[in-house]
Amino acid sequence: MSRRILLVTHPRRPEVPAMVRDFSQRLGEHGIEVEVLPGVDVDDHAPIRATMARDLGAVPSLEGAELVVILGGDGTILRSAELARQAAVPLLGVNLGRVGFLAEAEREEVGWMVDQVVNRRYTVQERMAVDVDVIEDGVTVGRSWALNEASVEKCARERMIELAVEIDGRPLSTWGCDGVIMATPTGSTAYAFSGGGPVVWPDLEALLVVPISAHALFARPLVLGPHSQLAVEVMSENFGQAVMWCDGRRSFDLSPGARIEVRRSEIGVPIARLSNSPFTDRLVAKFDLNVEGWRGRARRSRPEA
């Protein structure tokens, strides 16, 4: 049976065309077809209603694909997840960005990555995602999902928002704040980490609640069980306007009284792993000041492509 790899690229990286040619040629020498997906770079500010229509419309066929390989940063990988999630095709990222927590290889490791793919030396890890509902006056007006996080944020810099947070149907607290992040373990190293939340290993199943600049004495990040039901309600009109974001890509403007419900999704996101190194190694590689030295040692421990 022939093998087929789909390739998604960052739309504006100058090094991408040469990398695509090199990647396609290397895999082609082993009889593996490479198809570059068109039309992946969708409008980052599309509202949920438009996103739902687009998701149900014509998208490139993923049927029979072995992997979706991404040349870009975490943002490009999140865009690719929008296409690959329903088809359960694993994502494999090559980092062309700054941090690249979701990527499995750096740009100088393409040869090694090709060798791993050709010989099927990879495993697939399913990452937890969350489903998100937006409810107004008791009616669900929008639905989306997130691999990293759903966040409710203020729109205007000079105005805070008032949010009531509920867990498992029970009120937790009301905060005047800049927002609240509800993240997965995968998203714990993204927006939630920047907001002061803990790093959660991706093989754990949990939900995080991280308040952003809350004006309160007791507003600490929380780590909840994977089956907890989270809800955030936008309170008084006397505060600023709020917006809900999913993975920083899909947004929905929120009116006072709007309720955002977040729960674990039944559909995860498969991520291809090229090595069995622990998450601790990746954490050190991304956050240690001596990043280049660590990467050099890590590369020397890998077989040559």
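Select strand 9 (residues 149–154) and strand 16 (residues 242–246) in this predicted model. They run antiparallel, joined by five bridges. Strands here are DSSP runs of E, at least two residues long, and helices are runs of H or I of at least four, numbered from the N terminus. Now pick Val152: Met244 in strand 16 stands opposite.

Six strands form it, in the order 14-13-12-9-16-17, with antiparallel pairing. Two strands pair if DSSP finds at least two bridges between them. Strand 14 and strand 17 (250–254) are the edges, each pairing on one side only. From one strand to the next, the twist averages 15°.

Next, select Ser228. Look for it in the loop between strand 14 (222–224) and strand 15 (230–234). Is Ser228 buried or exposed? Ser228 is buried, with a relative accessible area of 10%. Buried means under 20%, exposed over 50%, partly exposed in between (1.4 Å probe, protein chains only). Beyond its neighbours within four places in sequence, Ser228 contacts Asp168, Leu207, Val262 and Arg263. Contact means heavy atoms within 4.5 Å.

Last stop: helix 1 (residues 16–28) and helix 4 (residues 110–118). Their axes come within 10 Å and cross at roughly 35°. Axes are lines fitted to C-alpha atoms, for helices over the stretch in contact, and angles run from 0 to 180 degrees between N-to-C directions. Show Met19, Asp22, Phe23, Arg26 and Leu27 of helix 1, then Val110, Gly111, Met113, Val114, Val117 and Val118 of helix 4: these make the contact.

Residues are numbered from 1 along each chain as its sequence is written. Local features need pLDDT of at least 70, side-chain atom pairs count only at pLDDT 80 or more, totals for chains, interfaces and linings use all residues, and side-chain values use heavy atoms, leaving out hydrogens and water.
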